[in-house]
Amino acid sequence: MAEPERKVPLVDVVAAWRAQRAELDAAIGRVVAAGGFIGGPEVAGFERAFAAFCGVRLAVGVASGTAALHLGLLALGVGPGDDVVTVAHTFAATVEAIEYAGARPRFVDVDEATGGMDPKGLAGALDGAAAVLPVHLYGLPVDMAAIGALAAAAGVPVLEDAAQAHGATVELPGDDGPRRAGSLGNLAAFSFYPGKNLGAFGDAGAVTTDDEDLAARVRRLRDHGRSGKYEHAELGWGERLDAIQAAVLAVKLTRLEAANDARRRLARRYSEALAGVGDLALPATPAGRSSSWHLYVVRTSQRDALLEHCRAAGIEAGVHYPLPLHLQPAFRHLGHGRGDLPVTEAWAAECLSLPLYPQLEPAAQERVVAAVREFFGA
Ligand SMILES: Cc1ncc(COP(=O)(O)O)c(C=O)c1O
């Protein structure tokens, strides 16, 4: 009997370990042997390297992307009674963090072409807001030239949700060259969840900024509001980055650009092979913005049937995200209903993520391409 074909996974985090196994195992062994599991030189070293990668002065390692968003908002002084402008087409943590801070999410719709925050809806929405929290969804930076200008005009600080955008770039007017996600607002929040472009071996995250006061505030908040060993200047949290994760991340950071290049090549291949197929809308690549290709997301009116077809062919496609946050039971108290954010709702109904990770073999990618083309009779 013929061997059944192996599944093509959506992501393969073990393949990333295999690619750097000796260095990663040595880094973990070094931390364990030194016995310094919390803070210390591994965390400080990774923070320096990651800040340099993003093109900012400072990075503060924290326990997750969710913690990065939460502590980032607190550092900006966001609290009860405040509104934070954001989107509903994102992972739940973006909005959870706003609620953890005691503030209220104020949703704006997303852009039809990219699924990111639409600057067109932003102008009036910024009035009286305490912060704006755009999400570089799927790795494509939002239109920061427009959003940054509107936020600056309204005097509203920007916290980037860069959880999916390690290494993505934007060209801003007046700059000499492109800037990386993480350097585009007052603060940025990164996730190093295992499947991210830069993924830890567990939960991890970071806040990046050029502002020493904001970084100092996040450093204190992540560590119980401590001002001395047993002195607590304010209420804080237990949201530190641990040393094993920092050591793993420092090793993986050395290959991040190469891994992102591999993602870019795979994305280009999908876009060549799927152009003009059925009613597929392929990912937009607006001028002046480069994606980190965290996800390769297509849109089709036949999303659920295509998803089923892929699964039957042994291909793990995904949906990011099937129910927008303004319609989730957890956020019912915000009082939204269907039709409030029509473009967001269309994205949720039609988006499909195809397998994409740096070690995806060409033959496996061609299986994905063939399955999608077959579905549409192309
Ligand atoms: C857009 C977005 N924001 C926030 C998060 C939260 O990050 P974490 O899972 O590390 O808490 C994630 C990832 O899961 C994400 O994709």
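This is a predicted model: local features need pLDDT of at least 70, side-chain atom pairs count only at pLDDT 80 or more; totals for chains, interfaces and linings use all residues.

Trainee: What box do the C-alpha atoms fill along the principal axes?

Mentor: Roughly 65 × 55 × 45 Å.

Trainee: And how many helices and strands does the secondary structure come to?

Mentor: There are 13 helices and 14 strands.

Trainee: OK, ligand time. Which residues come nearest to the ligand?

Mentor: The ligand has 16 residues around it, and the nearest are Gly65, Thr66, Asp161, Ser191 and Lys196.

Trainee: What about Gln164, how far is its side chain from a ligand oxygen?

Mentor: An N or O atom in the Gln164 side chain sits 2.8 Å from an oxygen atom of the ligand.

Trainee: How much of the ligand's accessible area does the protein cover?

Mentor: On its own the ligand has 380 Å² of accessible area, and the protein covers 93% of that. The space the ligand takes up is the largest pocket.

Trainee: Which elements give two or more residues to the shell around the ligand?

Mentor: Those are α4 (65-75) and α5 (92-100). The largest share comes from α4, with 3 residues.

Trainee: And how does the shell divide into nonpolar, polar and charged?

Mentor: You get 7 nonpolar, 7 polar and 2 charged residues.

Trainee: Switching topic: backbone geometry. Where is there a cis peptide bond?

Mentor: Between His320 and Tyr321, with omega at about 15 degrees. Tyr321 is in the loop that runs between α11 (303-312) and α12 (342-350).

Trainee: I also flagged Tyr138. What is its phi?

Mentor: Tyr138 has a positive phi, about 65 degrees, and it isn't a glycine. You'll find Tyr138 in the loop between β4 (131-132) and α7 (144-154).

Trainee: Why flag that kind of thing at all?

Mentor: Because most residues other than glycine have a negative phi, and most peptide bonds are trans.

Key: Residues are numbered from 1 along each chain as its sequence is written. Side-chain values use heavy atoms; hydrogens and water are left out. A residue is near a molecule or strand if one of its heavy atoms lies within 4 Å of it. A polar contact is a pair of N or O atoms within 3.5 Å; within protein, one must be able to donate a hydrogen and the other to accept it, and residues adjacent in sequence count only if both atoms are side-chain atoms. Accessible areas come from the Shrake-Rupley method with a 1.4 Å probe; for residues, only the protein chains shown count as cover. On a 1 Å grid over the protein atoms alone, a cavity is a set of points where a 1.4 Å probe fits but cannot get out, and a pocket is an open set with protein on both sides within 12 Å along at least five of seven lines; lining residues have an atom within 4 Å of a point. A molecule sits in a cavity or pocket if more than half of its atoms lie within 2 Å of its grid points. Helices (H or I, at least four residues) and strands (E, at least two) are DSSP runs, numbered from the N terminus. Ala, Val, Leu, Ile, Met, Phe, Trp, Tyr, Cys and Pro count as nonpolar, Asp, Glu, Lys and Arg as charged, and the others, Gly among them, as polar.
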